[in-house]
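Please read the following briefing alongside the sequence and the model. It goes through the relation between the chains, then their interfaces, and then the sheets.

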Amino acid sequence: MKSSQAIILNNPKKRNALSLSMLESLRENILTDVDGEDLRVIVISAEGPVFSSGHDLKELTSLQGREYHAKVFHTCSEVMTLIQDVPVPVIAMVNGVATAAGCQLVASCDIAVATDKSSFATPGVNVGLFCSTPAVAIGRAVPRKVAMEMLFTGSPISAQEALLHGLISKVVPEERLEEETLAIAQRVCRASRPVVALGKATFQRQMAQGRDAAYATASKVMVDNLALRDGQEGIRAFLEKRQPVWSHKTEKAPP
Amino acid sequence: MKSSQAIILNNPKKRNALSLSMLESLRENILTDVDGEDLRVIVISAEGPVFSSGHDLKELTSLQGREYHAKVFHTCSEVMTLIQDVPVPVIAMVNGVATAAGCQLVASCDIAVATDKSSFATPGVNVGLFCSTPAVAIGRAVPRKVAMEMLFTGSPISAQEALLHGLISKVVPEERLEEETLAIAQRVCRASRPVVALGKATFQRQMAQGRDAAYATASKVMVDNLALRDGQEGIRAFLEKRQPVWSHKTEKAPP
Amino acid sequence: MKSSQAIILNNPKKRNALSLSMLESLRENILTDVDGEDLRVIVISAEGPVFSSGHDLKELTSLQGREYHAKVFHTCSEVMTLIQDVPVPVIAMVNGVATAAGCQLVASCDIAVATDKSSFATPGVNVGLFCSTPAVAIGRAVPRKVAMEMLFTGSPISAQEALLHGLISKVVPEERLEEETLAIAQRVCRASRPVVALGKATFQRQMAQGRDAAYATASKVMVDNLALRDGQEGIRAFLEKRQPVWSHKTEKAPP
């Protein structure tokens, strides 16, 4: 069993387009080990110079019809929200262009590391299909004016601009991409699985609430976190100046 | 018929104050051609060294009375929300100082290009009138601490700081302001009007919703967008490697 | 009577841990003069190289039990929301490390000035206690990806990064910390107390509302603000080109 699940978009000839079958396999890959006690982190990367070009436009002509289109966007939204709802952090490792739903994928990950040659765009407006679903993720990641300029002009932003505005977490030279991403992944892996799972779920939940409701939610979670075996182990280890030994089990501390 | 509507604040002697009559004429100008099939973008600029100094304080003394004051702020809020609700993108072209409701106007536009000598402030606190309505737009454009420091101190921020925090979209040297703004406007104009209209309305709508409701809204819109004549034309043109020919009409694609 | 209330975290030997008694005394200090007509600003600083290390972990072991833990987090949330709800601006003056609830404290203040050697982190994940309550304040201050990387890795961010992402308002060299903070505090003190109080409360209120409700709230407040004695005094002083003389009283202007 492995603590890190690597998911690789592996259709570089089609610019890693998020076709319906690619989306379904992405969903399957995310779900495979996600409830396994050993999994701590998922890393999504891509083969070739394009991280992902977004939906496969061949699937979006009138030949396929409305129901098929609806299925594509439903599956896409499922994958994007799944990334935020699984109990382990999901890291995007980006080396190249991420556009439309490909940019949405990066925006949906918890952490994103990108090379300085990477760029990000929502060019749907140029092909008559405004990037309205990517805008759900991007509009919640960056300031509104940044999102709107991307959406209305379709122009790409650089990795540095993406970093500046919060779309990605870190920019690195190409030769250090794996090393730096691995370092973050390893850091994430050092923590207790149920503690991270509780923390991630609570973050999503409280951010959707008003301030006072958010504090009520989070305060109760802190008390529950302390009642976990790993919550007590961590604090004891800190006070005893030793490394914690996690059980990684969702069980309460002995009284 | 023109594709770009230029609105110019033209009372530089009064620092382009947003008096009630200026607000009413701004509203009228925005609405004039907005439903015309040919309009694609609105650009708001100003004459003189001050973009706009905000409300005309002479209109806010006790001489005018409560009802008049209410009318001023009601009209102002109408103009600011109208900018976000019209079916074409609105670009602010700023060369100088934008304060109080003038800063709110910049914050309310979809895209804002400013010269490096421009600055932005909410100095109402200094004259005993806290910039609470500007704060609605500015608080949704920049991080909270940036908004609060502006509001509590009244101190201006530079164009570079405004760019950094998302209040504006681009900073340019004064001699390139028109050229750069025009380039963005032309880029916006190359898109299909009904596609942009649907995208802009959807962005505003989904951003006010929770994540899952936002995805439900946006996913349905993507399918509707694909059913538009221009949605199908854009995708066909892309697949056939040619320039799209937009109808700009809100009509469905033939089955 | 003084216009500025200085609150100093003064337990540097315990890294200014926010123990229950420290939180209670913080609450008491905030409330002491807060309704006094003369108070205009509160400045929170700390003795020693650590601004605050967050909760006292000795208070969070199973020895204290669930009810005690609940009391700690309830009191902490009370203090953090109190800072945002009191009628005067609260400024954090930070010189050193602010972690976990210490970072939450900085995020909760209206304005934060920090030295360039300061740093900010939410390392709870390392001791098995995910920083879920700090995340309420931090997640509302910075972009989501910045918050999530801090929360999942526990790694610190520098003062410059904190500034870039909106967690703090200004970075200064250590030798200028007091001078620069004082300058901002004095600027805040020059305004009318009821005007600032109305503005601060309205900012919190409207930011929790949708755009149209926010404009309805803020537009009414602008009219109310104009009806204040100090609202009319400020505008008259401006029109007469003289300094305003504030009453600092929550009373209406004479008709």
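Chain B can be laid on chain A by a turn of 120° with a shift of 0.0 Å along the axis, and the RMSD is then 0.0 Å; such superpositions are made by least squares on the C-alpha atoms of residues with pLDDT of at least 70 in both copies. This is a predicted model, in which local features need pLDDT of at least 70 and side-chain atom pairs count only at pLDDT 80 or more, whereas totals for chains, interfaces and linings use all residues. Residues are numbered from 1 along each chain as its sequence is written, chains are lettered from A and ligands numbered from 1 in the order in which they are written, and side-chain values use heavy atoms, with hydrogens and water left out.

**How the copies are related**

**The interface of chain B and chain A**

- Chain B brings 55 residues to the contact and chain A brings 45 residues.
- The size of an interface is often given as the accessible area lost when the parts come together.
- About 4100 Å² is buried between chain B and chain A, with carbon and sulfur atoms giving 64% of it; buried area is the accessible area (1.4 Å probe) that two parts lose on being put together, summed over both.
- B:R211, B:Y215 and B:M222 supply 19% of the area that chain B buries against chain A, more than any other three residues.
- Two salt bridges are found across this interface, a salt bridge being a side-chain nitrogen of Lys or Arg within 4 Å of a carboxyl oxygen of Asp or Glu.
- B:R211 forms a salt bridge with A:D85, and the closest N and O atoms of the pair are 2.9 Å apart.
- The largest share of the side of chain B that touches chain A comes from α9(B), with 14 residues; helices (H or I, at least four residues) and strands (E, at least two) are DSSP runs, numbered from the N terminus.

**The interface of chain A and chain C**

- Here 55 residues of chain A are in contact with 45 residues of chain C.
- The area buried between chain A and chain C is about 4100 Å², and carbon and sulfur atoms account for 64% of it.
- Of the area that chain A buries against chain C, 19% is supplied by A:R211, A:Y215 and A:M222, more than by any other three residues.
- Two salt bridges are counted between chain A and chain C.
- In one salt bridge, A:D224 pairs with C:R66, with the closest N and O atoms 2.7 Å apart.
- The side chains of A:R211 and C:D85 also meet in a salt bridge, at 2.8 Å from N to O.
- A:R211 lies in helix α9 of chain A and C:D85 in helix α2 (residues 66–85) of chain C, so the pair joins two chains.

**The sheets**

- In chain A, five strands form an open sheet in the order β1-β2-β4-β6-β9, with parallel pairing; two strands pair if DSSP finds at least two bridges between them.
- β1 (4–9) and β9 (170–172) of chain A stand at the edges with a single partner strand each, so one side of each is left without a neighbour in the sheet.
- β1(A) is joined by six bridges to strand β2 (residues 41–46) of chain A, and the two run parallel.
- Within this pairing, A:S4 stands opposite A:V41 in β2(A).
- In chain B, an open sheet of four strands has the order β3-β5-β7-β8, and its pairing is mixed.
- The edge strands of that sheet are β3 (50–52) and β8 (157–158) of chain B, each of which pairs on one side only.
- Strand β7 (residues 119–121) of chain B pairs with β8(B) in the antiparallel sense over two bridges, and the bridge partner of B:S119 in β8(B) is B:S158.

Notes: Contact means heavy atoms within 4.5 Å.
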